[in-house]
Amino acid sequence: MSNGDNEKRARLSRQSRFIQMPPGLEGGQYKPLSEANLQRIHQASLEVLEHTGIEVEPSEAREIFRAAGARMDEERRRVHLPRGLVERALSSAPHAVTLCGRDPQWDIVLGGKRVHMGTGGAAIHILDLESQQVRDTTLADVALIGRLVDKLDNIHFYLRACVAHDVPVKLLDVNTYYAAISNTTKHVTGNCYSVDSARQVVEMASMIAGGLDALRQRPFISVTSSWMVSPLRFATETTQVLTEVVRQGLPVFLSSAPQAGATSPAALAGTLVQINAEELAGLTYTQLVKPGAPVVLGYVPSVSDLRTGNYVGGSAEFGLMNAAAAQLSQFYDLPIYNSSGLTDSKIPDAQAGYEKGITSTLAALAGSNYIHHSAGFLESMLTVAYEQYVIDDDINGSVMRAVRGIEVDDDSLSVELIDEVCRGAGHYLGTRQSLERLYSEYYYPHDGDRQRRQAWEAGGSLDERERARRKARRILQEHCPVPIPAEIDAAIRRKFDILLPGGLANVKKE
């Protein structure tokens with residue numbers, strides 16, 4: 001190898017840490033449902049909405065449906081949606097929804113088969129980074145996980161990951177959003193428990209954006225609404241919050257999460273029919289509230305272990321249904337929010353790795369747009385771990401490399417190179433192509449170990465969990481997210497009861 005080649009390899013090595021799989025790569029390679037079966041699920045969903053209907057308590061939502069021409073069964077409190085009403089909603093909903101970051105480099109466009117992977121959920125426990133014991137989650141955890149997300153390039157957005165047990169309920173939403181926004185410049189998603197708290201969150205975000213119109217033009221926050229109680233029942237209070245967010249003009253995710261064998265049919269196709277009907281009902285409602293509202297279909301189908309009734313997050317069936325849901329969203333040409341990366345394991349171990357890997361790969365290869373839960377989770381969504389975010393960032397990077405696929409052009413076909421090597425050196429190390437594609441063709445995990453055994457032992461024989469734990473600690477000690485401008489932060493603190501201290505203290509060094 002020449003000196004020039006050595007210099008080029010050294011330069012590429014120095015640059016390698018900046019080379020990542022970009023968000024928004026196009027999936028769609030994996031299709032568990034045929035076109036004919038997509039059509040059958042669609043027609044069955046319309047039949048369910050028209051004949052079985054949805055349960056809606058007496059409320060504004062019910063009157064909105066009534067005014068639009070839905071058929072009412074007053075005795076059973078069911079609303080029956082004619083096909084034409086659903087079809088009008090499908091035609092008015094936007095085909096793409098843009099989610100912005102405080103930093104425009106993290107803007108993402110949901111729609112088509114573009115893939116983005118991020119955090120999710122509302123965990124109530126965390127594995128403490130130092131003691132490694134399970135404890136209740138706090139507001140500081142919301143902030144510090146945001147700091148990790150801000151640094152990890154293969155986690156593309158931050159859906160608040162845990163519940164702050166140390167915050168009163170009436171202050172929870174605005175403080176959770178504040179803790180997240182102030183610790184990452186990526187897009188932030190959360191939920192709101194009341195109409196009043198939703199208004200507070202929107203007002204706070206508007207102060208940061210420079211006004212409500214500016215926030216609508218560049219929405220760096222969005223809201224997920226679990227408005228549906230499966231099977232097929234609107235949750236009255238949550239629907240009121242959904243209505244408020246839609247009227248405010250912010251992006252909203254319609255999160256429906258039936259559990260096959262428990263709150264939806266055990267047959268996977270039956271669960272897909274039910275969840276599709278639920279999503280179409282939510283879409284219809286939001287488009288009646290505000291035609292053209294930026295709404296994302298939120299399919300989150302899950303599985304029961306029929307032997308025990310327990311929730312199962314890390315199964316092949318979970319991955320299959322979320323991949324099929326991506327196909328349904330593409331059938332309607334509407335953006336999708338769905339799920340991967342869950343595990344039933346209690347710690348970051350081999351079970352967690354393979355369960356996360358299979359579900360994330362299936363959802364991403366199917367072309368899901370906003371894959372939440374893809375980082376951090378353990379114990380069927382009950383628990384998160386700081387080190388798990390680091391591990392899952394690597395898993396996501398590998399998954400996105402699979403989504404990218406194999407590029408075929410004259411150079412990559414390598415016909416002349418094969419001839420040259422076969423007539424000469426007999427190997428490809430040090431060739432122009434090997435040097436040029438050292439980092440462009442391959443994804444290298446930042447914490448996966450690829451050393452020989454002797455080097456690994458010399459470095460302390462660390463397993464993946466300990467390497468990730470040390471990296472998480474290092475990020476939390478060293479990484480400083482771009483803060484909210486000081487004058488705006490001060491105004492927010494005067495307006496709202498913000499509990500997170502300024503300059504949140506770093507975790508201790510080892």
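Visitor: What makes β12 and β15 a pair?
Guide: This is a predicted model, and in it three bridges join β12 to strand β15 (residues 252–256). Pairing requires at least two bridges, so the label applies. The two strands run parallel, and V223 has V252 as its bridge partner in β15.

Visitor: Which other strand pairs with β12, and in which sense?
Guide: Strand β11 (residues 188–190), in the parallel sense over three bridges. Against the requirement of at least two, that too is a pair. Here V223 of β12 stands opposite G190.

Visitor: How do you know that β12 is mostly covered?
Guide: Buried means under 20% relative accessible area, and five of the five residues in β12 (residues 221–225) are buried.

Visitor: Which residues lie on each face of β12?
Guide: I221, V223 and S225 are on one side, with S222 and T224 on the other. In a regular strand, side chains alternate between the two faces of the sheet. Both faces of β12 are covered, as these residues are all buried.

Visitor: How much of the chain is buried by that cut-off?
Guide: Buried residues make up 55% of the 510 residues.

Visitor: Why does the radius of gyration agree with a compact globule?
Guide: Because a compact globule of 510 residues would have a value near 24 Å, and the chain has 24 Å. Its C-alpha atoms fill a box of roughly 80 × 55 × 50 Å along the principal axes.

Methods: Residues numbered from 1 in each chain as written. Predicted model: local features only at pLDDT ≥ 70, side-chain atom pairs only at ≥ 80, totals over all residues. Heavy atoms only, no water. Rg over C-alpha atoms; globule rule 2.2 N^0.38 Å. Buried < 20%, exposed > 50% of the residue type's maximum accessible area, 1.4 Å probe, protein only. Helix = DSSP H or I, 4+ residues; strand = E, 2+ residues; numbered from the N terminus.
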